[in-house]
Amino acid sequence: MNSILSQDLWLHSRSFLQEDVVIRELLLSHDPDGRHLDSEQLLRAMENIMCYATASEVLVSDMNGDTFGMNNESNIEVVGSQEPLGHTIYQISREILCKCSGEGNLHARTMIMFDLLGNYRWDAKMVLVLAAFATSYGEFWLIMQLYPQNPLAVSVAVLKHLPSDISILKRRFKALSLLIKSMVEVTKCIIKFEGLPFVHVMMDNEIIAITKSHIFIAAYWVTRSTLICSSHIKDLIVMKAEQVYSNDSTTIAAWELSSLVRRLCSICNHLRRQVDACHRETETKLHQMLIELFKRSLMDNQELLRILFALKNELPLKKCSTQEKLSVSELKDKVVILLVSKPELPLEELFFLIHQTYDHPHTKNLTGSYEILWVPISSSDTWTDADERSFEFLSSTLPWLSVRQPQLLNSAVVNFIKQEWNFKDEPVMVVLDSQGMVTNSNSLDMILIWGARGYPFSVLKEIELWEEENWTLQFMIDEIDPLLNKWVEEGRNICLYGGENLDWISEFNAKMMEIRSKGLQVEMVYVGSKYLSEKVRNILAIINEKMHSSLLSFTKLKFFWFRMESMRKSKLRLGKEANTDHILKEVSALLNTDDNDNGWAVFGKGSSPDILRFRGRKLMECLNLFPKWGENVAKFGFVGAIRNTVEPPDLTESCDHSNVIPYAEGIVVCEKCLRLLKEFVVYE
């Protein structure tokens, strides 16, 4: 066993490891030049290697094909460096391995490592050192894991003089694993500190200075520990077999490693307390800063967007369709809609949202005026593998922009979004105008109703759109299906009907077929019910096969009910009540229909506000009166004829209600007394 571990590490450590001297040496080597490395991503890659290696230590011959969750780390790069990341890691690995059998002073070699890493920030120094060590450590355990089943592994092990049986070294490797875990924990503290937004938040200089002194010492011992760990691996090669399997040698090595674990654990505990204190203070100040920023009148949205998304990265966004990395400057002078949701989104609702924004006919007129930015936030404090998979899938398929690494969003920003914008797992769409002011805390319902017509998506625009709307068939089915939209524009009589009672649906269709056979033109459209179960899917198939061609697919039925629910939510959010708001009353009536009861139907025509809604038996009673009202269809129109029969107008009182509408031929009914309006033409 080489003497460097016992003598150099402990007996002489106090003679040269005076902290102030070490710190001065470290600072002399520290010369960051602005290059940036995603430290957390590289650390995850290193932990993946250690995850496999740890399993190998315990179950070298009993893996049975078990695997561990692996993140896609293939796109890690060092921004601002001429050297590829792989070359940098190779250089560090070579320096770690070249003298790890005891040649040279351990402190001097540690400082050489810091000279090699001088241009990097402290967090990057640590993960690069750990990554370089992980490559050699992983290579060792890969060979041991495959040995003796794989002939290639056997040959390499023989050439490297690796031990064929490591069971006696279990204590030594257990201590080694604990030391590696301690190094990783210390590194995570350093990464957390380096990621704090000190540029934007003023902190107590004394607290920062104290924490940095802990960072420097922690960085020193992590780097020094990688050299010691590497020496243990190299010892298995250079030592004779009787030394490798010596109980005394194994006990001494395990004791020395355990002592180093205790030192690093102590360093980590002190450092974590300091970093947590800095984190709490920055959280509080950043949250308050965001509140104040959203209250101020700003020149543009850039300062605000930088604090929300660019605290750790100058290119925090990406264009989903091309994966191009973008800065927040791409959003300057635009209306920005922040789609805040969990990493997974219900596919049908997502498709409808895309339909209403990306595919909507009005979108081409607004190109470049607004952007939708997806901001995924995990339900838990840390992102799960399922979160990662959902994000990777959706962020490569959406037509919008996305936060590129949502896992790295500052926790103060996440808490601000949850508290101030009331995000509680259900998606919200927060609208920022070109100056960064919130003009709508949730425009999701508005967009699901009107799509791109809602631009600039403010609350004032939402109110304006409602004031212009009437409860018409055109409004109910707006752009859901091209053919249905064409029928509305042509002014055809349309019947929307729904429910889950197949017997009633069959009876209703038979009666309508009888009426249509007598020359009355009515288009039949089944829309199911708000709870679109498998039963509705089966009924849709039966209708399509035996009754009439079902115009709307199962997915489009969902679009219809999304719109209905969005209408109700929008009205309620604006403070409307069903007893005073006609549209809310009608929407609520459809949404509150009992699916176990008989079905329902709505009759209407184009943009006419004259709509009839019936349920179950009452509808069948009305249709049975066809011989009575059918004679008046030519005079009053289809809906008017039914209405005048089942709801005859009160002719005892006069009505002076008037309505100005665009010129159109046909019958117009008074909304108040339900009588025919007299027609006058106004020229403009």
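**View 1. The largest cavity holds about 130 Å³**. Keep in mind that this is a predicted model. Lining this largest cavity are 14 residues, and those nearest its centre are Phe 309, Asn 313, Pro 316, Gln 405 and Leu 408. Sorted by class, the lining has 9 nonpolar, 3 polar and 2 charged residues. If you go looking for others, the count comes to 5 cavities of 30 Å³ or more. As for how such spots are found, rolling a probe the size of a water molecule over the atoms shows where empty space is left.

**View 2. The second largest cavity has a volume of about 60 Å³**. Here the lining is made up of Leu 339, Leu 345, Pro 346, Glu 349, Leu 350, Leu 353, Pro 427, Leu 444 and Leu 448. By class, that gives 8 nonpolar residues, no polar ones and 1 charged. Which helix gives the most to this lining? That's α14, with 3 residues. Both α14 (347-357) and α17 (444-450) supply at least two residues each.

**View 3. Four strands make an open sheet in the order β11-β10-β12-β13**. The pairing in this sheet is mixed. At the edges stand β11 (523-526) and β13 (612-615), each with a single partner strand, so one side of each has no neighbour in the sheet. On average, neighbouring strands are turned by 20° against each other, direction ignored. Strands of a sheet pair through backbone hydrogen bonds, either parallel or antiparallel.

**View 4. Strand β12 meets β13, and a helix lies across them**. β12 (residues 600-605) and β13 run antiparallel and are joined by 4 bridges. Helix α27 (residues 633-646) lies across β10 (493-498), β12 and β13, and it runs at about 60° to β13.

**View 5. A cis peptide bond sits between Tyr 455 and Pro 456**. Its omega is about 5°. Where does Pro 456 sit? Look in the loop between α17 and α18 (459-468). For background, most residues other than glycine have a negative phi, and most peptide bonds are trans.

**View 6. Asn 422 has a positive phi, and so does Asp 425**. Neither is a glycine: phi is about 55° for Asn 422 and about 80° for Asp 425. You'll find Asn 422 in the loop between α16 (411-420) and β8 (428-432), and Asp 425 is in the loop between α16 and β8 too. Asn 422 counts as partly exposed because its relative accessibility is 48%. Asp 425, with a relative accessible area of 34%, is partly exposed as well.

Methods
Residues numbered from 1 in each chain as written. Predicted model: local features only at pLDDT ≥ 70, side-chain atom pairs only at ≥ 80, totals over all residues. Heavy atoms only, no water. 1 Å grid on protein atoms, 1.4 Å probe; cavity = no way out; pocket = protein on both sides within 12 Å on 5 of 7 lines; lining within 4 Å. Points joined across faces, edges and corners; volume = space filled by probe spheres on them. Nonpolar A, V, L, I, M, F, W, Y, C, P; charged D, E, K, R; others polar. Pairing = 2+ DSSP bridges. Axes fitted to C-alpha atoms, helices over the stretch in contact; angles between N-to-C directions. Contact = heavy atoms within 4.5 Å. Buried < 20%, exposed > 50% of the residue type's maximum accessible area, 1.4 Å probe, protein only.
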